[in-house]
Amino acid sequence: MPRRPIDITVPDLSGKRALVTGASDGMGLGMAARLAAAGAEVIMPVRNSRKGEAAITQIRQSHPDAKLSLRDLDLSSLASVAALGNALREEGEPIHILINNAGVMTPPDRQTTTDGFELQFGTNHLGHFALVGHLLPLLRAGYARVTSQVSVAARSGSINWDDPNWERSYNGERAYSQSKIAFGLFGLELDRRSKAHGWAITSNLSHPGVAPTSLLAARPELGRTRDTLRVRLIRALSARGIVMGTVETAKLPALMAATDPDAAAGRLYGPSGPGHLGGPPAEQPLYRPLRSPEDAARIWELSEQLTDTAYPTS
């Protein structure tokens with residue numbers, strides 16, 4: 001049976017400036033294309049400029065007038081994050097939409113970032129934490145909405161408070177879950193602190209469900225030379241319309257969270273189908289590990305220390 005099309009309406013974004021991390025392929029590329037099609041100027045910070053150029057070419061095949069620009073960004077390097085922040089602050093243009101989408105998932109063996117953090121914690125959470133800190137003046141100027149992409153992996157698990165960088169023992173799945181729990185706690189705490197300190201931005205969360213993206217595909221740079229069995233199964237189920245989403249539907253919760261006028265701050269948006277793995281996007285209850293304001297404040301303070309990022313208090 002043919003899969004019923006699933007889509008949302010993205011409002012007119014003319015005059016808005018948006019930034020999407022991880023926009024060179026997969027869901028991020030789809031998000032950038034939809035934002036550009038709606039009239040936004042889209043900044044695409046990428047680690048691989050060749051892939052970034054190919055992404056821009058692909059978008060412009062459907063949207064010749066798209067306003068797009070590539071920037072260099074490696075979220076696993078705090079120096080790279082700071083360099084992008086400095087460059088954009090020098091330009092001085094407000095940012096109205098930020099979708100924190102980029103991420104890495106379960107390298108076969110423990111790896112570290114340039115700064116010595118466990119790769120998933122450092123890239124998925126700490127890199128984005130520092131990026132938002134560097135961009136905060138521009139986000140405030142744009143009365144921005146910040147949407148941070150978590151994962152169904154944040155439904156369970158916890159922060160390994162005694163060893164957040166997994167130096168004493170390593171479990172890739174638990175480390176990935178931790179990175180997404182930390183990131184979700186940050187996104188919610190960002191909204192609380194914005195309200196408390198008058199930053200004039202709103203922050204919410206999204207998750208894509210489960211879809212055949214590149215996260216579990218072959219990634220030689222992560223030490224994964226072949227597609228995982230899991231991604232092969234996800235592709236087979238997705239192609240048959242069984243439970244799973246597609247790359248096209250997986251981008252929709254973040255787009256809804258970032259652009260829908262009715263999408264609320266401090267909420268989570270994801271697929272509404274069985275198990276929240278696929279289907280149309282909708283608001284969902286917060287995952288249990290994300291509900292503690294005390295944990296959120298604790299991860300915020302730890303992240304400030306680890307990244308040497310000082311957010312203002314006014």
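**Basis.** I am working with a predicted model, in which local features need pLDDT of at least 70, side-chain atom pairs count only at pLDDT 80 or more, and totals for chains, interfaces and linings use all residues. Residues are numbered from 1 along each chain as its sequence is written, and side-chain values use heavy atoms, with hydrogens and water left out.

**Entry 1: α1 and α2.** I looked up helix α1 (residues 26-37) and helix α2 (residues 49-62), which pack at an angle of about 45 degrees with axes 10 Å apart. Helices here are DSSP runs of H or I with at least four residues, and strands are runs of E with at least two. Axes are lines fitted to C-alpha atoms, for helices over the stretch in contact, and angles run from 0 to 180 degrees between N-to-C directions. The angle makes α1 oblique to α2; under 35 degrees counts as roughly parallel, over 145 as roughly antiparallel, 65 to 115 as roughly perpendicular, and the rest as oblique. I then listed the contact (heavy atoms within 4.5 Å): L29, A32 and A33 of α1 meet A55, Q58 and I59 of α2.

**Entry 2: α1 and α8.** The axes of α1 and helix α8 (residues 252-259) come within 10 Å and cross at roughly 40 degrees. α1 and α8 are therefore oblique to each other. In this contact I found M31, R34 and L35 of α1 with L252, A254, L255 and T259 of α8.

**Entry 3: E167.** I located E167 in the loop between β5 (145-149) and α5 (172-197). Is E167 buried or exposed? E167 is exposed, at 60% relative accessible area; buried means under 20%, exposed over 50%, and partly exposed in between, with a 1.4 Å probe and protein chains only.
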